[in-house]
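Here is a walk through the helix packing, the strand pair and a few backbone details. Keep the structure open while you read.

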Amino acid sequence: MSRCRPCRPVPEEVRRAAGLLERRWTVSILWASHEGASRFNEFKQAVGEIPPRTLAQRLVDLEEAGVLERRVIDARPPRVEYLLTPRGRQLQSVLDALALYSRADAGSPSGDPASRNP
């Protein structure tokens, strides 16, 4: 006799979204984008100690996922901006939920949300 309850598998679309968001620095980059960052150095300044190669790869990943749009500005020298797409703006509620969670977590004596009483 099994003691485990039957559980449904995680839906494929949830796994895909988690696969994108769980990569290191991705949530921080999205947060910076929602706060107005659009250029490489703005992301680097907002996110902090991210290696430039990693930042460049995460921006490509987010562009390929349809979350950011890469725009080349015809200027001297040419500039590149990364702007949120409508799909990227849909993630605002996820970022808001993370911020709310972290603020609530900060009020917990041990920092562990499980230690709070429901």
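Ser-28, Ile-29, Ala-32 and Ser-33 of α2 touch Phe-43, Ala-46 and Val-47 of α3, where contact means heavy atoms within 4.5 Å. Sorted by class, this contact of α2 with α3 has five nonpolar, two polar and no charged residues. For the classes, Ala, Val, Leu, Ile, Met, Phe, Trp, Tyr, Cys and Pro count as nonpolar, Asp, Glu, Lys and Arg as charged, and the others, Gly among them, as polar. The crossing of α2 and α3 is right-handed, meaning that the near helix is turned clockwise from the far one by less than a right angle.

Before going on, some ground rules. This is a predicted model, in which local features need pLDDT of at least 70 and side-chain atom pairs count only at pLDDT 80 or more, while totals for chains, interfaces and linings use all residues. Residues are numbered from 1 along each chain as its sequence is written, and side-chain values use heavy atoms, with hydrogens and water left out. Helices (H or I, at least four residues) and strands (E, at least two) are DSSP runs, numbered from the N terminus.

Two packed helices are described by the angle between their axes and the distance between the axes. The axes here are lines fitted to C-alpha atoms, for helices over the stretch in contact, and the angles run from 0 to 180 degrees between N-to-C directions.

| Helix pair | Angle | Axis distance |
|---|---|---|
| α2 and α3 | about 115 degrees | 9 Å |
| α3 and α4 | about 115 degrees | 11 Å |
| α2 and α4 | roughly 75 degrees | within 10 Å |

Take α3 (residues 40-47) and α4 (residues 52-64), which pack at about 115 degrees. That angle makes α3 roughly perpendicular to α4, a label that covers 65 to 115 degrees. Their crossing is right-handed too. Which residues of α3 and α4 meet? On the α3 side they are Phe-40, Phe-43 and Lys-44, and on the α4 side Pro-52, Leu-55, Ala-56 and Leu-59. The contact of α3 with α4 comes out as six nonpolar, no polar and one charged.

Now for α2 and α4, whose axes cross at roughly 75 degrees. So α2 is also roughly perpendicular to α4. Thr-26, Ile-29 and Leu-30 of α2 make this contact with Leu-55, Arg-58, Leu-59 and Leu-62 of α4. By class, that gives five nonpolar, one polar and one charged.

On to the strands. β1 (residues 68-73) and β2 (residues 79-84) run antiparallel and are joined by six bridges; two strands pair if DSSP finds at least two bridges between them. Across the pair, Arg-70 sits opposite Tyr-82, and Arg-71 sits opposite Glu-81. A hairpin of five residues links β1 to β2. Pro-77 is in that loop, and the peptide bond joining Arg-76 and Pro-77 is cis, with omega about -10 degrees.

Most residues other than glycine have a negative phi, and most peptide bonds are trans.

Lastly, how many salt bridges are there? The count is six, taking a salt bridge as a side-chain nitrogen of Lys or Arg within 4 Å of a carboxyl oxygen of Asp or Glu. Arg-16 and Glu-12 are about one helical turn apart because four residues separate them in α1 (residues 12-21).

How values were computed: Parallel < 35°, antiparallel > 145°, perpendicular 65-115°, else oblique.
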